[in-house]
Every structure is written in structure tokens, then in C-alpha cells.
Amino acid sequence: MTVRVAAVDLGATSGRVMSGRIGADRVEINELHRFPNGAVRARGSLFWDVLGIHRETLAGIREVARTGPLHGIGIDSWAIDYGLLDRDGLLLGQVFSHRDARVDGIAEKVVAEIGAPALYATTGIQQLPFNTLYQLVAARGTAALESAETLLLLPDLLGYWLTGAVGAERTNASTTQLYDVRAGAWAVDLCRDLGLPWGILPPLRDPGSLLGPLLPEVAREVGVGADVPVVAVGSHDTASAVVGVPASGGDFAYISSGTWSLVGLELDAPVLTEAAREADFTNELGVDGTVRFLKNVMGLWVLSESLRSWSERRYADVELRSLIAAAAEFAPLRTVVDINDPRLLAPSTAADPMPERIAALAAEAGETVPHSPVAITRCIVDSLAVAYRRHVRTAATLAGTSPEVVHVVGGGSQNELLCQLTADACGLPVLAGPVEAAALGNVLVQGRALGADLPDLSAMRDLVRRSYDVRRFEPRDGTDWAAAERRVG
Ligand code: LFR
């Protein structure tokens, strides 16, 4: 049986709607609709244009339906951000971007109140300043939060607009720091202790379950029968991307490389040890009861914001390909910085441009200060590779595993320099690709829910392996990565 679905995969800089076809020995995706995305600044705050995203989602589904049969629809996106509904089911206020400054200083206050060990023992989540927990604490006392009936994470909000069904898909719920990873339920006590309205957290649902059929008016608008279901996939894009990792069993590490880089392991159970907390690793949930034990690394965001800044200032020759080519010829490891420094989180602005932030971090650390776009690009790529080395090795030590290979999936798998340096830095082969792992994971989980013979993750990964080529990068000797790692502290 062939299953054909629409996979909506939303990223911070673009949204894509793909058709996905699963046959007996192949999975195939085709991008049928792509639209730009980005946070919008209004009155000094950063918001997502969620109605615009909804409109483009509908346009994409319509295109998939126009070009063939449609058996299901699944949505994945970045994690953590949410909308609030009032008692009439209408969106309240704006949907904040996690890069908005309203959370500045909040994590520290919550840690002082609850204690870092207690927070970690319950949620197992990395201390990112923008976790949903901290966003809600920042919103305490606001009109929107006080009037809210329901909180919906972004893919669940879009799913609600398609079906009218309310719920929280579990892989994404687990990223919020409002989820008790031991109990497999919302962390109601933690919410109570912080004075948060836990009653707005909707019922949890598992990836692979059905949200329900399209609302009749939506079905009419996209031109399909009202019986087409929306399927809960791993709605956290990283959860879907890890499904799409073409691993052939054994011990592997992965890097889901896009705006963020998510560096870690797939495990059967969370690691909630003191050492894991001190290393600040996250235990997010994956599909089929797995745990994504990983570290959020600032990722290619730092490079894309630098590019944006150079092009706004009309620097010559700042196109990505030529910069990477020039960076490959540039002196290795001349400058390395802590690529996870929180000062790199906010969007680049004319008053506070990203390249100058990198230079300032280098100066502060006593590193050679990079000035040219090529020097800054090489510094970013080297610093990412150093971070990957550290986090792959730390994850393995904390989980007691020995990965034999690092899979790099997502847009960053196309960056050959970064893939080679990742292999060199980790001392492990890198297998790069597929680029669209998140969309593939989305399609595969839908396919299984709709009857395709894909009993487990390894069957799904076999299918990806049979359908997509990966590029192999062997580790090269000759560079002292351990010394470079010590330089970033
Ligand atoms: C990647 C990602 C990360 C999450 C970050 C913010 O796209 O989903 O996993 O930490 O975006 O939501």
C-alpha cells in the first residue's frame, strides 16, 4: 500500500510543506510549498506571525492535495513557543518568540526559588533562558495569561485551527520544562509552586495518534474530503529529525543541524544524575518512548545572523558558499569562542551586530580577534566543531555509551567544511544527510499511523537509508582539538 501525506515542517527562517510518499521499499518527499518565516518586532517585542503561518500551511496542504491523493497531514516546528486561547477558543494576544528579551533574568529567579537540583530532577531539561516555564513566569500577572483557558504549543495551535482538537503532543511538551519526565505527565506541582495556572495545560497526546479529521470548512478550503486526518507526529522538529536519522543500529550520536544544533544520543531512559545536571544536558522525549539526551548549541544561527548583518551593511562577497570556501583555506582554530554564550541569542541589529559580538567574545577570552567575514566565518565553524566534540563526548560519558559514528542531519549537513571539522574534532566518522530529516520523520510517523508496515524506528531508518544517500567524512589527524576545547573554558 502506498501512503501519501502532507508534512508541514516549520523552521525559524522558513516553513516548508512537503508531499511524502511511502511505498514498500522507498520513502520520498517533495517540497511543494516554501515560505519565509521570521520573528516580527512590534513595540520592542519579538512575535511570530502565526496567522500568516496558518495561511501558508493551508496553501501548502492545498498544493499537496492538488497534486495527488492525500491520506494525512502532520505538523512539526521548533519547540517551546506557544499561544494562549480564551474561553471562546480565540487566540489571546501575541505569540512571543523565545528570543524575546522578556525572559531576561527570569531563569535565575526561578532557580533561586525552586533550586536547580529539584527543577532538574523533575523536568530533566537544559537551562535555556527561554524555556516555556520561564516564558510563563515572565507572563505572570499579564492580562493574556490571566484570561487564558488553554495553552497550545505552536504545532498544536496549528493543528487546532485545522481540526478544532485541543491537546499537547508529548515530544514537544517535554521541551517546555513544565513536563515531569519521570511521571510522564505535566509537572503540576512545579506549576503550583510558581503560581502558574496549570489548568491551561491541555491533555497530552502521543506521536502517532490522530488529532481528528479536518474541520469541514478547512477541508473545503484546501480541496480535500473531510475525512482526511491530522496525525500527531513528533511535533518537535528535533524529535522528527531524529526519527529521520539513517542509523543502522548500534551506538550513534546525532547532530540535528539547522538554526540550532542539537547534539546528543537516543536513549531508552532519561539520565537525571547530578553529573548530567551539571553538564546541563536535556532529556527531551522522542518518538516510541525514546529519550533525546542532548545539548542545544547555538548553531548556524550565529553564521546566518552574521551574513544578514554583512549584507545589510553591503559588505562585498558575503555569499555563504564563497565564504565557506574561503574559510576552508583559512588558518584552522585561529580563534575559538564559546558558541553558546547567551549574548549570541538575540537577533543581530544595526546597534548590536552579530559579527561584532563574536569579535567581542574573542577579545574577552584573549583570543586573536577576527575582523574579516572570512575570519569570523572560520571562527564560527571551528567553534561549532569544538562544541560538538565536547557535547558528543560528554553525552557518551554521562550515558555510558560509545558512539561509533556521528550522524549530521538537517540543513547543516550540506556544509562540507563543518561536517569535516566535526569528524576531525570528534575523532569519529560523520555521516551527513539527509537534509530534510525532520520532514522525513514527520512522513514516516504519519505513514505508520495510516497503515504502512513500519513497526519500529529501525524499520523507519532502514527505509530512509534505502532512499537517501549519505556522505561520509573520515576523521583526519593533525590538529589538537583537545587544546582548542580547553581554550573555550
Ligand atoms: C530546533 C528547536 C530546538 C529548540 C529550539 C527552540 O529547531 O526546536 O530543538 O530548543 O528550536 O524551540
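## R292 and strand β20

R292 counts as buried, because 27 C-beta neighbours lie inside 10 Å; the cut-offs are 20 or more other C-beta atoms within 10 Å of its own for a buried residue, 12 or fewer for an exposed one, and in between for a partly exposed one, with C-beta atoms placed from the backbone. The residue is found in strand β20, residues 291-297. Strands (E, at least two residues) and helices (H or I, at least four) are DSSP runs, numbered from the N terminus.

Leaving aside neighbours within four places in sequence, R292 is in contact with T238, A239, V242, G264, E266, E284, L285 and G286. Two residues are in contact if their C-beta atoms, placed from the backbone, lie within 7 Å. R292 and F281 are 11 residues apart in sequence, and their C-alpha atoms are 9.9 Å apart in space.

## Model and confidence

This is a predicted model, in which local features need pLDDT of at least 70, side-chain atom pairs count only at pLDDT 80 or more, and totals for chains, interfaces and linings use all residues. Residues are numbered from 1 along each chain as its sequence is written.

The mean pLDDT of the chain is 97, and 100% of its residues reach 70 or more; pLDDT is the predictor's confidence in each residue, from 0 to 100. The model scores are ipTM 0.97 and pTM 0.97.

## Overall fold

The chain has 19 helices and 23 strands. Its radius of gyration is 22 Å, close to the 23 Å given by the globule rule for 489 residues, so the chain is as compact as a globular protein of that length. The radius is taken over C-alpha atoms, and the rule is 2.2 Å times the number of residues to the power 0.38. Along the principal axes, the C-alpha atoms fill a box of roughly 60 × 55 × 50 Å.

Of the 489 residues, 55% count as buried. Among contacts with a separation of 6 or more, 75% are between residues 24 or more positions apart.

## Ligand shell

The residues around the ligand are W78, A79, I80, H98, H236, D237, T238, G258, T259, W260, L262 and N296. A residue is near a molecule if its C-beta atom, placed from the backbone, lies within 6 Å of it. T238 of this shell is also one of the contacts of R292.

By class, the shell has 5 nonpolar, 6 polar and 1 charged residues. Ala, Val, Leu, Ile, Met, Phe, Trp, Tyr, Cys and Pro count as nonpolar, Asp, Glu, Lys and Arg as charged, and the others, Gly among them, as polar.

The buried residues of α12 are W301, V302, L303, E305, S306, L307, S309 and W310. The elements covering them include α13, α14 (354-364) and α15. After α12 comes R314, with a positive phi near 55 degrees.

Just after α15, G400 takes a positive phi of about 70 degrees. A326 lies in helix α13, residues 320-329. With 16 other C-beta atoms within 10 Å, A326 is partly exposed. The C-alpha atoms of A326 and P373 are separated by 9.7 Å, although the two are 47 residues apart along the chain.

## L444 in α17

L444 lies in helix α17 and is buried, with 31 other C-beta atoms within 10 Å. Not counting residues up to four places away in sequence, L444 touches V27, V243, L454, M460 and L463. Of these, V243 is 201 residues from L444 in sequence and 8.1 Å away in space, C-alpha to C-alpha.

## Backbone details in loops

D280 is not a glycine, yet has a positive phi of about 60 degrees. D280 is found in the loop between α11 (274-278) and β19 (282-285), and counts as partly exposed with 16 C-beta neighbours inside 10 Å. L333, also a residue other than glycine, has a positive phi near 50 degrees. L333 is found in the loop between α13 and α14, and counts as buried with 20 C-beta neighbours inside 10 Å.

The peptide bond from G433 to P434 is cis, with omega near 0 degrees. P434 is found in the loop between β22 (430-432) and α17 (437-449).
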